[in-house]
Amino acid sequence: MEGKVAYITGGTKGIGYAIAEKLIAVGMRVAISGRNLKAVETAAQYLGDATQVLGIVSDVTKAKDEKKAIQSILDTWGQLDVVLANAGVGHFAPIDEISDEQWHQMINTNLNGVFYTLKASVEALKKSKGYYITIASLAGTNFFASGAGYNATKFGVVGFTQAVMLDLRKYDIKVSTIMPGSVATNFNANEPSEKDAWKIQPEDIGDLVLQLLKMHPRALPSKIEVRPTRPDNK
């Protein structure tokens, strides 16, 4: 994978950042994006130098931002081999309490975002016969109380990704969705600590992405569920 180029949305922390670390460690060049300039610059600085890492300010809810992000990558490195649609938000409340604003933020980020990222990058992926990966959730197959908005978006991401997989395999583009359970990240205002030791760690998802990228082109794990080996023992 030496010299290959990847783009990771939501790459300034958590799962996205951990994936970036893993890809850089095997010689890939990685572009990460986020909405906050300072966060993007800080993460890029920690990940590596300018020959390995490109920090991009982009809001995945805006198609024009994602088009600019992809063009910036192509202008910098001339190719794009792997796209990871990772950016996401979550609001959890009963349907009679969740706000219109919270609903639309999840739809726009979790669902529209993966669409805009792919639409902006699909022609580059055709040229490289690349790989498009979405980070969904077990919430994309398991519904739960107070999860109507989040479930709706993650069910949508899973369905979208699987349909896209069928659309794009004729171009030799591989498409997968990863569906993690509980992960020790800052998601939903969590502050990772020892209490999260039982959870999947972000680097575990990074390792999984590496395994997918190293797999023989003839094999495609199109939908991968991953959960903690043992649940929290409360």
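Trainee: Where does D172 lie?
Mentor: D172 is found in the loop between α5 (148-168) and β6 (174-180); helices (H or I, at least four residues) and strands (E, at least two) are DSSP runs, numbered from the N terminus. This is a predicted model, in which local features need pLDDT of at least 70, side-chain atom pairs count only at pLDDT 80 or more, and totals for chains, interfaces and linings use all residues. Residues are numbered from 1 along each chain as its sequence is written, and side-chain values use heavy atoms, with hydrogens and water left out.

Trainee: Why is D172 called partly exposed?
Mentor: The relative accessible area of D172 is 45%. Buried means under 20%, exposed over 50%, and partly exposed in between (1.4 Å probe, protein chains only), so D172 is partly exposed.

Trainee: Why does K129 count as exposed?
Mentor: K129 has 53% relative accessibility and therefore counts as exposed. K129 sits in the loop between α4 and β5 (131-135).

Trainee: What makes the phi of K129 and of D172 worth noting?
Mentor: Most residues other than glycine have a negative phi. K129 is not a glycine, yet its phi is positive, about 50°; D172, likewise a residue other than glycine, has a positive phi near 65°.

Trainee: What makes a space a cavity, and how many of 30 Å³ or more does the structure hold?
Mentor: On a 1 Å grid over the protein atoms alone, a cavity is a set of points where a 1.4 Å probe fits but cannot get out, whereas a pocket is an open set with protein on both sides within 12 Å along at least five of seven lines; lining residues have an atom within 4 Å of a point. The structure holds one cavity of 30 Å³ or more. T9, V60 and N86 are among the residues that line the largest cavity, and helix α4 (residues 100-128) gives the largest share of that lining, four residues.

Methods: Points joined across faces, edges and corners; volume = space filled by probe spheres on them.
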